[in-house]
Amino acid sequence: PPYWPWAKAIRPYVKNQEPEALLTEIGAGAADIAQIVAEVKERVPDLKPPPPLDDPEQARFRLFDSITSFLDRASRTQPLLLVLDNLHLADPSSLRLLEFGR
C-alpha cells in the first residue's frame, strides 16, 4: 500500500504517546497523517478530516509537509530513530516522501 513503510514506522510512536502530547507534536497536519496512520484517529478521536484539495500534487505536498513537520517536532522532545526497512520494495510515493525530508 502507499506509504506503508512510513505507516509502519510512525504507528508505534503514535500508540505510545499520550493524546495531548501527540496532538501537540503532530500539529495541524494530524488529519493528513491520519489518512495513512489510522491510529492517529484512535488516539485523537475528535479529529476532523482534512480540507479537500483539488490538485493531487498539493495534497501530496501537504501530506509530506505534515509528516516531516511532525517528525521534526517529535524529535525535539526526545531523540528519534526512524527505521524504514525493505525500501527496495517501497512504492514510489514512499520514496518521494523520503526524498522530501532531506
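## Helix 2: outward face

Glu20 and Thr24 are exposed, and they sit on the face of helix 2 that is turned away from its buried side. The model is a predicted one.

## Helix 2: buried side

Helix 2 spans residues 19-26, and its buried residues are Leu22, Glu25 and Ile26. Viewed down the helix axis, these buried residues fall within an arc of 90°, so they line one face of helix 2.

The cover over the buried residues of helix 2 includes helix 1 (4-16), helix 3 (30-34), helix 4 (39-43) and helix 5 (56-77). After helix 2 comes Gly27, which has a positive phi, near 65°.

## Helix 6: buried side

Helix 6 runs over residues 92-100, with Ser93, Ser94 and Leu97 buried. Because the buried residues fall within an arc of 100° when seen down the axis of helix 6, they line one face of the helix. Helix 1 and helix 5 are among the elements that cover the buried residues of helix 6.

At the start of helix 6, Asp91 places a side-chain oxygen within 3.2 Å of the backbone nitrogen of Ser93. Ser93 is itself one of the buried residues of helix 6.

Methods:
Residues are numbered from 1 along each chain as its sequence is written. This is a predicted model: local features need pLDDT of at least 70, side-chain atom pairs count only at pLDDT 80 or more; totals for chains, interfaces and linings use all residues. Side-chain values use heavy atoms; hydrogens and water are left out. Buried means under 20% relative accessible area, exposed over 50%, partly exposed in between (1.4 Å probe, protein chains only). Helices (H or I, at least four residues) and strands (E, at least two) are DSSP runs, numbered from the N terminus. The arc is that of the directions from the helix axis to the C-beta atoms. Contact means heavy atoms within 4.5 Å. A polar contact is a pair of N or O atoms within 3.5 Å; within protein, one must be able to donate a hydrogen and the other to accept it, and residues adjacent in sequence count only if both atoms are side-chain atoms.
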